[in-house]
Amino acid sequence: MPDRIMLKHPSANRRRTFSPHQTHLVERYLAAGWEPDGEHPAATPEPTLHDVPNGPIPTVLDWVSNDPERARTALWVERETSRRPSLIAQLERIADDPHDGEKETDL
Amino acid sequence: MSRFASADGKPRIFVGAGPIADMANPQVGELATLTDLSAFLTKDGFSTGETGNRAPASGAAEQYNLDVAGSVNLSVAMTFFRDDENDTAWETFERGDFIYVVFFRKGGTGPGGDPVEGDDCEVYYGQVLDKSNADIAENTVSRFTTNISTAAAPEMDAVFGGSSSSS
């Protein structure tokens, strides 16, 4: 189930919860001074292994889109599956995590 | 989740010609041009009845009458007390005037229940259709009811203050 977005009133102890499809309302409340609730930040969900596309290198890099969190997820999948050296190198650079405790072997 | 009472002293209502540039984000200065009629609104005095219409979509071969969602009728009605010293509510409405109504259903979060930036509100815009005194009756405080047309789609999830999202 997708994360819900919680915002809190700028001065009063009042909160509202929004569904992910209510971004127009979230923007409206943020413009009026509401803030993401600290306990439930209005963040996008973390990528999971199932989110990583199974395809050619450009497809994977498009999905990563320079996001270190996505790069780390894709890196884990790549090391467990295709092990393409050039993709691993690029993902490591984006993830800023060149070793990650495992030594890679070029095929 | 917290339920809230609908007329426990918190609701606030402001009425006037405005204008309000962005009905989704009425600004502090815009609300200041409206008249605070909260003290005149009766406990059951704010009604925003909506009626959705059906557009029939059945062929003759179908037993059940199917339909799709059609247009929506909105009827905003307000009932206020009359006052023999300061008849502010009565004098605020003139038949034919276009007015904005800003209603804080949950009340304001400022001192004394005053609205502050960030409070939820509803914004309606329409033309005053009528203002009708209630029938006189014993043991009853004098009041009147006014209805407004729907001149713009209402903003039922408006937020007061901040920077307008339309800019």
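View 1. Helix α1 (residues 23-31) of chain A gives the most to the side of chain A that touches chain B, with 4 residues. Helices (H or I, at least four residues) and strands (E, at least two) are DSSP runs, numbered from the N terminus.

Before going on, a word on how to read these views. This is a predicted model, in which local features need pLDDT of at least 70 and side-chain atom pairs count only at pLDDT 80 or more, while totals for chains, interfaces and linings use all residues; side-chain values use heavy atoms, with hydrogens and water left out. Residues are numbered from 1 along each chain as its sequence is written, and chains are lettered from A and ligands numbered from 1 in the order in which they are written.

**View 2. The contact between the chains draws on 12 residues of chain A and 18 residues of chain B.** Contact means heavy atoms within 4.5 Å. Together the two chains bury about 1,100 Å², with 46% of it on carbon and sulfur atoms. Buried area is the accessible area (1.4 Å probe) that two parts lose on being put together, summed over both. On the chain A side, look for R14(A), R28(A) and A32(A): these lose the most area to chain B, together 48% of what that side buries.

**View 3. Across this interface, 7 residue pairs are in polar contact, both residues at pLDDT 80 or more.** A polar contact is a pair of N or O atoms within 3.5 Å; within protein, one must be able to donate a hydrogen and the other to accept it, and residues adjacent in sequence count only if both atoms are side-chain atoms. The side of chain A that touches chain B divides into 7 nonpolar, 2 polar and 3 charged residues. In this count Ala, Val, Leu, Ile, Met, Phe, Trp, Tyr, Cys and Pro are nonpolar, Asp, Glu, Lys and Arg are charged, and the others, Gly among them, are polar.

**View 4. Chain A has an open sheet of 3 strands in the order β2-β1-β3, with antiparallel pairing.** β2 (15-18) and β3 (35-36) of chain A stand at the edges with a single partner strand each, so one side of each is left without a neighbour in the sheet. Strand β1 (residues 5-8) of chain A is joined to β2(A) by 4 bridges, and I5(A) has F18(A) as its bridge partner. Two strands pair if DSSP finds at least two bridges between them.

**View 5. Two loops carry backbone features worth a visit.** In chain B, the peptide bond from G18(B) to P19(B) is cis, with omega near 5°. P19(B) sits in the loop between β1 (12-16) and α1 (28-32) of chain B. In chain A, S65(A) has a positive phi, near 50°, in a residue other than glycine; its place is the loop between α2 (57-64) and α3 of chain A.

View 6. The pLDDT (the predictor's confidence in each residue, from 0 to 100) averages 78 in chain A, where 79% of the residues score at least 70. Over residues 100-107 of chain A the pLDDT is below 50. For chain B the mean is 93, and 96% of its residues reach 70 or more.
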